[in-house]
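Hi there,

Here is the structure I promised to pass on. Have a look at it first, and then read on for what turned up.

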Amino acid sequence: MKLSKSMRGAGLAATVVLTLSAGAPAAFSAELNSGGKGNQGSQQGPGKNQGKPGNGHGKPDKPGKPGHGPGKPGHGPGKPGKDDSEKLRDKVTVEGVYSHLKALQRAADQNGGNRAAGTPGYEATAQYVEGQLRKAGYEPFRQPFTYEQFVLNGDALEQVSPNPAAYTAGEDYLTMSYSGPGDVTGEVTAVDINLSGDRANTSGCEAGDFADFTAGNIALLQRGTCPFGDKVANAAAAGASGAIVFNQGNEVPGDDRFGLVNGTLGDSLSQIPAVGVTFELGEELAGTAGAALRLAVDSTVQETETFNVIADTPKGDPTRQIVVGAHLDSVSEGPGINDNGSGTAAILETAVQLGKTGKFKLENQVRFAFWGAEEDGLLGSAHYVEQLDEQAIANTLLNLNFDMLGSTNFVRFVYDGDGDAFGSTGPTGSDVIEGVFEDYFASQGLATAPTEFDGRSDYQAFINNGIPAGGLFTGAEGLKTDEEAALFGGTAGESYDPCYHAACDDLGNISKQVLGEMSDAVAHTTLTFAQSDADIRGGAGVSARALPSAPTSSGPTYKGHEALR
């Protein structure tokens, strides 16, 4: 779901991993344990296993030296034992993964064309996943939650004067998530905008920006500095009848700051209607003397019940839990076969083969989590982490997140856990996860590129609570660069996923090549961490958990697929 933060031109091309790297980060020098823990107690609710993290394991391993060969006891992570990794990857076939995608397509086709949270299509999807897990020997359970879902019934934006024109939703404007309802007409007033240079601005971020604002007018606000919710709230407080937020018009690597703003105002309805528009339209409106618009939004919120689906391996220590997650829901616009049927299918097939085989010895318990309501703001994963007590958080070693693994114009993106590409790190241990993925792909002769922890997927709640995270992604609506096309193939200047959040995100919107490559990486990395006795967090206990290095004052840039600022 997710706008990638891709390579920063030719200068960043050197970060792409194409040959075998020097080994995993020094923080992970675990012996790959050859003996599993067996069945550690009875099934409990999510996060409710008791006991101290690392109980029975002694002190966490000291950092080792990078560059040791894979699969040897006492050396870097590499593979979970060459034989085990190859055996599991042999069983996790692209045909097996694709068979699950066919089932998800049927669930959508038979239920209104989508699998969105709270719909019959989502229920059908969950029943299929649960059935597959039970056949493989798991006891899946549902974790229910309720949330206030934003519902947009209709919208309109048109210029009344001096140049009457009707604008098109999805091309010229998008109603912001949690925009309040209203049907207003008023003159457009630009608020502290900057159309020159780097176009840096604080438009609408301060009450003083509206000192001369005429009540009843529509505020024209520019993206920049503060959250959209703050801009719109300040406009409402100044008496604006509505708000238009246009894109900033600056160059940000891996982000489109000229196209359509797809934003959210938070989690409750704003006082006035608000939409996001392109930089071009904002610039045009700012330069049109006496421009008057009609802005109409018909919106509400409704209480929606949905759930996560969770299943634990019977083997492995439940006080040392690896959470392997993918979101189960689609958007309402389509069946969501790439976003995120692909991630769902990859972890489901990994779980099925791990369960059916039953021969792999696991040091740590693996929790397979299929998140609900991701497309409504990462709500399922957020609920899961919010209900964990301190002990349950301490018992969670790491999170692996898989979202969109089959994009047709793909890049093999790996989350930038060590921060060397984007300047901010994940919690301690995230660098280790990144290294395991990079080493695996390098061993297969496959290039990768970094992608940023920017708040666009279900890792966010984990990293906010100091839990190491990492994962894979093949690209969403972002445009492939020339450098990426040279390394990964495909077409520069076109979207990684041309059917992102559209009705055409169906079985025809999948690259089986990259789906197979990514599914192998899912299986390999899941088993790697399930068989390791290391504590990549740097020590036992909640106190050892370091939060990300990104500035806490600004927080994430996105909440799911929608921009916050």
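Of the contacts in the chain between residues at least 6 apart in sequence, 82% join residues at least 24 apart. Please keep in mind that this is a predicted model. Its secondary structure comes to 13 helices and 16 strands, and buried residues account for 58% of the 565 residues in the chain.

Now to the nonpolar cores. The largest one has 58 residues, and L133, F368, F370, F402 and L472 are those with the most contacts inside it. Helix 13 (residues 512-530) supplies the largest share of this core, with nine residues. Leaving aside residues up to four places away in sequence, L133 touches Y138, P140, V309, A311, L348, A351 and F370. Another core, of 19 residues, lies apart from that one, and V191, A236, I272 and Y558 are among its members.

One helix pair may also interest you. Helix 3 (residues 94-109) packs against helix 7 (residues 337-357) at an angle of about 130°, and their axes are 8 Å apart. That angle makes helix 3 oblique to helix 7. The crossing of helix 3 past helix 7 is right-handed.

Which residues in helix 3 and helix 7 meet? From helix 3 they are G96, V97, H100, L101, L104 and Q105, and from helix 7 they are I337, G341, S342, T344, A345, A346, L348 and E349. By class, this contact has seven nonpolar, six polar and one charged residues. L348 also turns up among the residues that L133 touches.

Best wishes

Technical notes. Residues numbered from 1 in each chain as written. Predicted model: local features only at pLDDT ≥ 70, side-chain atom pairs only at ≥ 80, totals over all residues. Heavy atoms only, no water. Axes fitted to C-alpha atoms, helices over the stretch in contact; angles between N-to-C directions. Helix = DSSP H or I, 4+ residues; strand = E, 2+ residues; numbered from the N terminus. Parallel < 35°, antiparallel > 145°, perpendicular 65-115°, else oblique. Left-handed = near helix turned anticlockwise from the far one by under 90°. Contact = heavy atoms within 4.5 Å. Nonpolar A, V, L, I, M, F, W, Y, C, P; charged D, E, K, R; others polar. Core = buried A, V, L, I, M, F, W, Y, C linked by side-chain atoms within 4.5 Å. Buried < 20%, exposed > 50% of the residue type's maximum accessible area, 1.4 Å probe, protein only.
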